[in-house]
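Trainee: I would like to learn how to read a few local features in a structure. Where do we begin?

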Amino acid sequence: MLACDARAQALGVRPGIGLVAAWALAPRLYVRQRDEAAERAALEGIAAWACRFTPYVSLEPPQGVLMEIEDSLRLYHGLDALTGLMRDGLEEMGYSTTLAVAPAARGAWWLALAGCEQSITDLATLETALAALPVAAVCLDQDAHGFLRSVGVATVGELLALPREGVGRRLGRALLESLERASGRMPEPRTMFVPPTRFSAKLELYGEVEHAEGVLFAARRLLVQLEGVLAARQAGVRRFCLVLLHRAAPAHVVEVGLASPGRATDRFMQLLREKLSTIALSRPVEAIRIEATAFEPLHGRTVGLFRDVHAEREDWVRLIERLQARLGGDAVHGLGVLAEHRPERAWRALDADEQPLREEARAGARPLWLIEPPRRLQEADGVPHDDGRLELLVGPERIESGWWDGGEVARDYFIARAPSSALLWIFRERGGSWYLHGLFA
């Protein structure tokens, strides 16, 4: 069992010190009212992130998270590697932590709460380590702590040496049960935390930021948390939002789209950087929020010995989503054909990872490049001109359609050769003018 005592990085002030004395020691100290709801949200965020390592995660409010990691050690190549990953991730999210490992959940929590970063594997060693802890670290009731101090009990070991019946009558059975559970002599059922099916996390900035790129560092802390939640859910997202919060103005929502489901922080950051580079803020940002709702299943993929088609396709998808982040989603997309005779309506936009349907086949010769709107051509003696006389090679192909939707057309299409030898796709309206509609490659 691993216990994590996570605290936001902040200035520690000795208990009982007044604000005047605190300001004398730290003139730039910023004092805020305690927000228990925000503390709870932060703790749940850490727990959701921790579920990527093990499904057995429980909360120990207001600052503790407990994890059953025995079954995860082999997957993460041992205890040192696993705790290293946890420590690095928590630091990226802006938390300073104390990690302790013990065969009993409450014992690991007491070690972490006392600031003892130990890895204990047997109950005998755990009992010895607990005996050395100060009683103030495990007895949070002020009246009970005051009584123990008055009778000269300073450590857990000295508390355990007292008669159990007397301790129970004087301090209550709950303390005795906690001692039994911490030492592993009594089981402790815990309620497991379930990671959420949607993500929303807020972070207040240390100071107001006037440039959109300036929020990237803070956004990474939340994106690391998002990656952990998605990994715990074995899911990915195609879209997430960065909400920029201002002091006295409506929030600015920045939508970031992915060409395929993903959950990697580096990928999120790359796209967010591209998106923010195109934004100019009208007001300073004082806080940010990351939101993601539509989770999609995303399972891991075994990496091949040699570079395979999946890796090449992933590179192509990453290029597309970077272009979409910079140019806009509507500017970069694939093309698929539709069963429609009118050329300008015979296509549809495709997502980056979407394949055209096999039945989307087109009949007849069609140019690669359509000109929209069609460009009118000059005409002499009934023959079209475009910087010279055009030679009609193939045609006519009659296209007459659209009377039912208000877009009726009646055209005769030809393939023509220009004086430059380029092949053009032209049409003549029924009883009307000539137009250039496409160019063949």
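**Reading local features**

Mentor: With a loop: S421 sits in the one between β16 (409–417) and β17 (423–429). Bear in mind that this is a predicted model.

Trainee: Which other residue has a positive phi, near 60°?

Mentor: H77, which is likewise a residue other than glycine. H77 belongs to the loop between β3 and α3 (79–92).

Trainee: Is H77 buried or exposed?

Mentor: Exposed, because its relative accessibility is 72%.

Trainee: Now peptide bonds. Which form, cis or trans, does the bond from P61 to P62 take?

Mentor: Read omega: here omega is near 5°, and the bond is cis. P62 lies in the loop between β2 (57–60) and β3 (64–67). A cis peptide bond also joins E372 and P373, with omega about -5°. P373 is placed in strand β12 (residues 369–376).

Trainee: Last, the surface. Which residues make the nonpolar patch of about 270 Å²?

Mentor: L19, W23 and V31 make that patch. To join a patch, a residue needs over 30% relative accessible area. L19 has 47% relative accessibility, so it counts as partly exposed.

Trainee: Where does L19 lie?

Mentor: In helix α1, which covers residues 19–25.

Methods: Residues numbered from 1 in each chain as written. Predicted model: local features only at pLDDT ≥ 70, side-chain atom pairs only at ≥ 80, totals over all residues. Heavy atoms only, no water. Patch = residues over 30% accessible without salt bridge, like charges linked within 9 Å, V, L, I, M, F, W, Y side chains within 5 Å. Areas by Shrake-Rupley, 256 points an atom, 1.4 Å probe, with all protein chains shown as cover. Salt bridge = Lys/Arg side-chain N within 4 Å of Asp/Glu carboxyl O. Helix = DSSP H or I, 4+ residues; strand = E, 2+ residues; numbered from the N terminus. Buried < 20%, exposed > 50% of the residue type's maximum accessible area, 1.4 Å probe, protein only.
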